[in-house]
Amino acid sequence: MRRRIQKDAGALPRGIAPQRPRLVRTAARGVRAPLAAVRVAGTLEFPIQTFPSCLPGVDGKESPRNSQDLWGFGCELAMVAWQKDDGAKRLLQLILLHTAWEVGSGHLHYSVPEESQHGSFVGRIAQDLGLEVSELVPRMFRIVSKGQEEHFQVNMQNGILFVNSRIDREDLCAKNVDCAIHLEVIVDKPLRVFHVEVEIKDINDNAPVFSVHEQVLAISESRVAGSRFLLAGASDADTAANALITYKLSPNDYFVLDSGSEEDQSKSPVLVLKVQLDREETPLHRLLLMATDGGKPQLSGTVQLVINVLDANDNLPVFNQSVYRVKLLENTANGTLVIKLNATDLDEGINKEISYFFSNNVPSSFTKVFSINSKTGELRVFGKVDFEDVNLYDLQIVAEDKGNPTLSGHCKVRIEILDMNDNAPEVTVSSLSVPVPENSPPGTVVALISISDRDSGVNGQVTCSVWPSGLPFKLTSTFKNYYSLVLAEPLDRERAAEYNLVVFAQDQGDPPLSSSSSLVVPISDVNDNAPTFAQPSYTIFVKENNPPGVHIFTMSASDPDVAENALISYWLDEKQWPLSSYISVHSESGKLYALQPLDYEEVKLLEFQVRAKDAGLPSLCGNVTVQVFVLDENDNTPAVSGPTEDTPTLVKFPVAAGHVLGKIHALDADSGYNAWLRYELYDATSSPWRVGLYSGEISTARPLEEAEGSNIQSLLVLVKDHGKPVLSTTATFSVSLVATAQAVQSDARLSRTVGNAKPLADTANLYLIIAICSVSSLFLLVILVYVALRCQSQTKEEMMYGPGTATLVCASEVGSWSYSNRHSHILAGVSGEPGAKSDLMVFSPNIPVLAESGKELVLNAAGQVIFKAVCRYQLQRIPVTTNQVL
């Protein structure tokens, strides 16, 4: 934004008193609005704010004023123009629209004169960019000057751009009319780039300089009035008006000066003969040629002209044109003919022979590019022709004859160099923000890229793209050949941890040239994946009576994240049941340990959840259900209950074979085969008794007569289970054999002692049958209600298993078989809510089925194979509340 105050010679409009200019600032976001120049009454050109608060009737308030600012004066004049002149209103509105458009362009323009001292004020760059001074350091405010030394710096305390080092415009831009330093202002959080152009104003600090201190001319006296003689002109390193040179010749009677036409910018001085010379009267003329530039103050230089008046050759070579214009492609090969010059001389003999050469005005750098044949006048390419170095050559050519004295003519050859597409685009990555978090939203800026091409026109127009396609990145143009590499879609580090991409730039020349730059964009991990187990649940079988602290299983969870986001720790979820006394898990390895020996008769199933948590922030968890089934070992011997040896069973003669005397009742706390009992007589070789193999019923093996005599016999019955190893116990069954008379007496005694025993036993059996039927009916009702509720339930309830009792009895024609009546406990840790439901679990013994379904092959006492009906029991869960008593 250019800020200037220009004052004409006229006075201020009537009614406006001179005031010190004031600065009017915008109220929006602390940004100084751009200034526009407005002419009022044709006398004063001043800056005004384009913010609406400077105009009456827009927001109803005046902008705040500061007596220290320069621009408030312009605002007051603009308000006067607004009130008094309709034309000024329309002009001001157009300027406001134009300036508001410039505000959106994001491009700042300053100007500063060359040779400014260190610390010279350039502009309030922070304020003009809409940045607070307090933001400069936290947002890493910095200036990048491409390919140049740091001529400017910014004061981080006040946001002022100032001159850092001496600037010589002539060294920086040579003779170019436009001279500017392009700066890139970069701030972070968020990352933004601004473009600032500082124009270097030329000052008149170089005086015109002649290439020689003395110019010697030889002029024949035969030259007629009006003859022209080319002089070596002066050069001025400045530009524009400061380099506009005018020449002045010291007063004399013979010569005048012609500095050339206004169209000829070189304005080489030409000495014109006003009156024909007379060598005999004045053989030597000394003149002073002064060159003055157009700067303020004006600077000048002089050269001494020494003119020798000669006699003889009085015709000079003449070109058919004064200016030759040629177009030449750059990179033309050496030796290529540019143009063939031809000058003619009306003299004859040696005075007509012409030689061609460059004038002293031609810079030495030009003579390294082109050469001229002194005899033929052919101008050829001698060095490298590069459009990017010099695109226009002005060559002064002199044609000189060989007379005595020599005469010469001159012409100008203007060679315009045409651009060719000989420069590939250059790709520069000025900022790269890596690694990129995988949760970065689309639109995040990853890198800032600038593209440059030294060619011009179509050859310098560049298109930019990213290869390969399909990557989650795209290029967006920010300003001319500046691009931002931004995210086009979300990232996933688990799918791709790093991207290798190539930024490809290609111009539109023929043939097109291209270049590329490779970028590696790593993706940083974010904890977005919870640990997962290989399967939803695990079933573990552990034999009872295990050693304390034994390792029973290893849990393993995986996390596709990396580093601490994939560091997993394990623990048990103990919300409902205290499992810490039974099971523990190692937090790092996930190994499960049984802390104490497990007893199948007390705990048959441990059900719990193992949780896996990573170390990310925030941490994520996964869980899995683990069921530990305790396997039964044969560690309990059968226990016998019922009649003993102290109460013998009376048997009256005669006794038929197969008469049942009684039954041995035994139970085994184990289950399955370990609780399947069989009965044997300890010595059955000659005994008249036998015992049911699985029923335990004692009966006669053969008929007994009175002849065998009355006595008391004790039968030793061996009770064994089917476990490995086999455990057994013994039971004694006493039998008293009596004759018929003794039986009558025994019956009489028994009727007197226990006369009411049988009625009492019958009554007890009746009550027992009624109780069993009632419990069975209630149990069946509960089952039906539970099934109905479960069918209507919409969500699956989490179950836990509580303590229960399972006593199963199966009867057959050969006796009865009973299952363990010990309490079975099943611990679970699935739900931690109070009042959750538990299930009554009933297990069935593992009775081998050898034949048809529901029957088992057994051997009777006679060794014959018979079918025996067996009872099947299925595992069933009856949901009850935790405080329900079965």
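Select Arg-139 first: this residue is buried, with a relative accessible area of 13%. The model you have open is a predicted one.

The side chains of Arg-139 and Glu-135 form a salt bridge, at 3.8 Å from N to O. Glu-135 has a relative accessibility of 29%, so it counts as partly exposed, since buried requires a value under 20%.

Next, select Asp-168 and Arg-166. Their side chains also meet in a salt bridge, with 3.4 Å between N and O. Asp-168 is buried, at 15% relative accessibility. Glu-115, Arg-166 and Asp-168 are linked in a network of salt bridges.

Then go to Arg-493 and Asp-525. A salt bridge connects their side chains, at 2.9 Å from N to O. The two residues lie in distant parts of the chain, 32 residues apart. To find Arg-493, look in the loop between strand 34 (482–487) and strand 35 (498–507). Asp-525 sits in the loop between strand 36 (514–524) and strand 37 (532–533).

A search of it finds 14 salt bridges, including the pairs Glu-135 with Arg-139, Asp-168 with Arg-166, and Arg-493 with Asp-525.

Conventions: Residues numbered from 1 in each chain as written. Predicted model: local features only at pLDDT ≥ 70, side-chain atom pairs only at ≥ 80, totals over all residues. Heavy atoms only, no water. Salt bridge = Lys/Arg side-chain N within 4 Å of Asp/Glu carboxyl O. Buried < 20%, exposed > 50% of the residue type's maximum accessible area, 1.4 Å probe, protein only. Helix = DSSP H or I, 4+ residues; strand = E, 2+ residues; numbered from the N terminus.
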